[in-house]
Amino acid sequence: SSSINVAVIPGDGIGPEVIAEAVKVLRSATASADAELDLTEYKLGAEHWLATGETLTAQTLEKLRAHDAILFGAVGAAPGDTRIPSGLIEREMLLKLRFSLDHYVNLRPSRLYQGVASPLGNPGEIDFIVVREGTEGPYVGNGGSLRTGTPHEIATEVSINTAHGVERVVRDAFRRASERPRKKLTLVHKHNVLVYAGHLWKRTVEAVAAEFPEVTHDYLHVDAAMIFLATDPARFDVIVTDNLFGDIITDLAAAVTGGIGLAASGNINMDRTAPSMFEPVHGSAPDIAGQQKADPTAAILSAALLLHHMGFAEQAAKIEQAVENDVAARSATPRTTAEIGDAIAAAVS
Ligand code: NAD
Ligand code: IPM
Ligand code: MN
């Protein structure tokens, strides 16, 4: 039998609540596969910073590197919590992990499950993935402020797009498209305005397309893409895009497929030079934290992505099927976070 060594970072707010359920399901799915699951919990996030003043130390980062994969909940303080500098934990912990561990493929699948209500009514069959670049773009912190606080303040936030960074994520997106029934890739950008980065992305897609003659590809400006995401999301198969557009697109994608409580993601290092990290798309949801109101499905589906990445495709599929059955059977009577987790864990045992 095989073994898998996972670092667990529950984080803040609803993070620990949803991760507890994802862990139940992971345990259940690996036990039924006769795989050994070794879990190590790391306390990181806003609460940890308040207690220790640490975001992510070099030592902790090195410890995390030694795991096969990371399961992550969510971090971040409530808006208006003045004890913590805004975004500090998000940047110095979450983004630092994505960058340090070279998570260049931020994979965010969107499916409208049977029985789940979409705000769009009857949008047809929604089943697409967003391949969001995870290590570059405006997220790199390349900016500054001059004459801060004066009427002449100048703030810059420079988006970094490297040929290497764009090519590897575009190639990954084409490969994923080539393995899907529709084999269709859409580049989403804004090259009518963002000329330099936009054209690098466009040229890269044209060049890599030659390696995947079976994949058809097209292009949409991000604003028009949002029209289609809100009116005809069934048209999409694989979307490849930069870090910031991908962030925004995937929250809308989650909303049209029944809500943020169902949206999973993987921060994947496809070269496997460091562990990949799997997390729900949502944040720490301070408005519902500690009340057993959070939907753990996104965290559970993220655990399935983790298993898939670690070579347990059968167990991952089993979890996805259990989630599909569970969401189809959901009634108007709300269940607690743990009740949902228990039901799905039982179904995969
Ligand atoms: P959020 O995703 O935490 O919450 C947005 C809304 O969705 C809230 O109404 C919340 O109650 C609801 N929601 C989120 N997850 C849910 C779930 N599983 N079940 C049911 N409802 C759910 O976004 P926000 O309010 O903008 O951010 C809160 C904090 O989280 C901020 O500090 C932010 O920076 C941080 N954040 C962290 C991550 C992450 O760790 N990956 C992602 C996004 C935001
Ligand atoms: C996400 C989050 C993060 C992002 C934040 C918290 C840094 O919104 O995972 O989508 O922007 O990538
Ligand atoms: Mn986001």
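Is Arg132 buried or exposed? Select Arg132 and look around it. This is a predicted model, and in it Arg132 has 28 C-beta neighbours inside 10 Å. The cut-off for a buried residue is 20 or more, so Arg132 counts as buried.

**Stop 1: around Arg132**

Show strand β5, residues 127-133. Arg132 lies in this strand. Now look past its neighbours within four places in sequence. Arg132 is in contact there with Asn106, Arg108, Thr241, Asn243, Gly246, Asp247 and Thr250. Keep Arg108 and Asp247 highlighted. Both come up again on this tour.

**Stop 2: the annotated positions**

Zoom in on Asp223. Its place is in helix α7. Asp223 has 11 other C-beta atoms within 10 Å and is exposed. Arg132, by contrast, is buried.

**Stop 3: helices α7 and α8**

Which residues make the contact? On α7, pick Val222, Met226, Leu229 and Ala230. On α8, pick Phe245, Ile249, Leu252, Ala253 and Val256. Colour this set by class: nine are nonpolar, none is polar and none is charged.

**Stop 4: ligand 2**

Move to ligand 2. The residues around it are Glu90, Leu94, Leu95, Asp247 and Val281. Asp247 is also one of the contacts of Arg132. Now show helix α4, residues 88-100. The largest share of the shell around ligand 2, three residues, comes from this helix. By class, the shell around ligand 2 holds three nonpolar and two charged residues, with no polar ones.

**Stop 5: ligand 1**

Finish at ligand 1. How many residues are around ligand 1? There are 21. Of these, Gly76, Gly261, His282, Gly283 and Ala285 come nearest. Select those five, then widen the view to the whole shell. Its classes are twelve nonpolar, five polar and four charged residues.

Definitions and conventions
Residues are numbered from 1 along each chain as its sequence is written. Chains are lettered from A and ligands numbered from 1 in the order in which they are written. This is a predicted model: local features need pLDDT of at least 70, side-chain atom pairs count only at pLDDT 80 or more; totals for chains, interfaces and linings use all residues. A residue is near a molecule or strand if its C-beta atom, placed from the backbone, lies within 6 Å of it. Helices (H or I, at least four residues) and strands (E, at least two) are DSSP runs, numbered from the N terminus. Ala, Val, Leu, Ile, Met, Phe, Trp, Tyr, Cys and Pro count as nonpolar, Asp, Glu, Lys and Arg as charged, and the others, Gly among them, as polar. Two residues are in contact if their C-beta atoms, placed from the backbone, lie within 7 Å. A residue is buried if 20 or more other C-beta atoms lie within 10 Å of its own, exposed if 12 or fewer, and partly exposed in between; C-beta atoms are placed from the backbone.
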